[in-house]
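Student: I would like to work through this model with you, one question at a time. Could we begin with the charged side chains and then move on to the strands and the nonpolar interior?

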Amino acid sequence: MNAVLEERVARPRGVERVISGQFVMDGAGVKINRVLTNTLQRRLDPFLMLDAFGSDKAGDYIAGFPEHPHRGFETITYMLAGRMRHRDSGGNEGLITDGGVQWMTAGRGVIHSEMPEQNEGLMEGFQLWLNLPAKDKLCAPWYRDIPNAEVPRFTLESGATVQVIAGSSHGVAGAVQREGTAPLYLDIELPAGATFEQPLPSGHNAFLYVFRGEAVVAGKGIPQTKMAILDNAEGADGVVVKAATPTRLLLIAGRPLKEPIAQYGPFVMNTQAELHQAVEDFRAGRFAA
């Protein structure tokens, strides 16, 4: 447990809109709820996608995500429950287990697979796609497994328990820091009636996803499995979240890149020409070189 310095919010943000997400099939037929879709990429810059997946039926996840390429962004996989084996073309291999995080920078190109290592039981988690600045899109790939025990966490007097995956909260630095996009990624658990305050830079885009219970922000209820986009009201200095019932949610925010976004499936660049080059490099076997 880390020592904390409780932070306060004087002028909280409100809720711009509540999003339901889209249920889609991905990988080799895995059922997921695509909460942040490509239609929201510019509004929630620098974030490109958020998938929530969860099932206790092995048939919904056992096929996993066989080998596939990425270029130009970062993937953050957070496993609430279950075991997922990662292998990539850079020679990295790791196992994400209950509460663990895998942070992968695809950079100039990587081919990887994410395959369940269980035949029964609950598989639940999230994958977030975080864009890279244009100057970093062709950087060397990077990978880190973060076991749950290494994710910094703290508990406030209100009863709020917070895991800090990225950024910092109440004086506690997260497991990962990124200068360009300055991402904040929190897993917040609140008893019924408890309140949590988080300062946010006024220019950063922010949203939250409720995966247990119901949260209330500025008088607006956000039910389970819904995402709330927080407004960018001038002068606002953060967000105040209250739990209507025992609640658990992700709070995610970051500095917008304000750069063009060109996407073709698993490649995210700034121009169509760069996308064409990505496809050519992949087909020529130049990823993971």
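Student: Is Arg17 buried, partly exposed or exposed in this model?
Tutor: Keep in mind that this is a predicted model. Burial is assigned below 20% relative accessible area and exposure above 50%, with partly exposed in between. Because the relative accessible area of Arg17 is 36%, Arg17 counts as partly exposed.

Student: Which residue forms a salt bridge with Arg17?
Tutor: Side chains of opposite charge can pair when their charged atoms come close. For Arg17, the closest N and O atoms of the pair are 3.5 Å apart, and a salt bridge requires such atoms to lie within 4 Å.

Student: How many residues apart in sequence are Asp281 and Arg71, whose side chains meet in a salt bridge?
Tutor: The N to O distance in this salt bridge is 3.1 Å. Asp281 is buried at 9% relative accessible area, and Arg71 is buried at 6%.

Student: Which residues are linked with Arg71 and Asp281 in a network of salt bridges?
Tutor: A search of the whole structure finds 15 salt bridges, and the pair of Asp281 and Arg71 is one of them. The network that holds Arg71 and Asp281 also includes Glu280 and Arg286.

Student: Where does the salt-bridge partner of Arg8 lie?
Tutor: Arg8 forms a salt bridge with Glu197, with the closest N and O atoms 3.6 Å apart. Arg8 is exposed at 58% relative accessible area, while Glu197 counts as buried at 17%. The pair links distant parts of the chain, 189 residues apart, with Arg8 in the segment before β1 and Glu197 in strand β18 (residues 195–199).

Student: Which residue stands opposite Glu197 in β23?
Tutor: Strand β18 pairs with strand β23 (residues 238–243) in the antiparallel sense, over five bridges. Strand β23 is also joined by two bridges to the antiparallel strand β20 (residues 215–217), where Ala215 has Ala243 as its bridge partner. Opposite Glu197, the residue in β23 is Val240.

Student: Which strands form the edges of the open sheet of seven strands?
Tutor: The strands of this open sheet pair in the antiparallel sense, in the order β1-β22-β19-β24-β17-β14-β13. Within that order, β14 (residues 161–166) is joined to β17 (residues 184–190) by five bridges, and Val164 has Leu186 as its bridge partner in β17. An edge strand pairs on one side only, and the two that do so are β1 (15–19) and β13 (153–155).

Student: Which residues have the most contacts inside the largest nonpolar core?
Tutor: In soluble globular proteins, nonpolar side chains tend to be buried together. The largest nonpolar core here has 30 residues, and a second, separate core of 27 residues includes Ala160, Phe196, Leu208 and Val217. Leaving aside neighbours within four places in sequence, Met227 is in contact with residues including Arg17, Val18, Leu40 and Phe207. The residues with the most contacts inside the largest core are Phe126, Tyr185, Phe207 and Met227.

Technical notes:
Residues numbered from 1 in each chain as written. Predicted model: local features only at pLDDT ≥ 70, side-chain atom pairs only at ≥ 80, totals over all residues. Heavy atoms only, no water. Pairing = 2+ DSSP bridges. Helix = DSSP H or I, 4+ residues; strand = E, 2+ residues; numbered from the N terminus. Buried < 20%, exposed > 50% of the residue type's maximum accessible area, 1.4 Å probe, protein only. Core = buried A, V, L, I, M, F, W, Y, C linked by side-chain atoms within 4.5 Å. Contact = heavy atoms within 4.5 Å.
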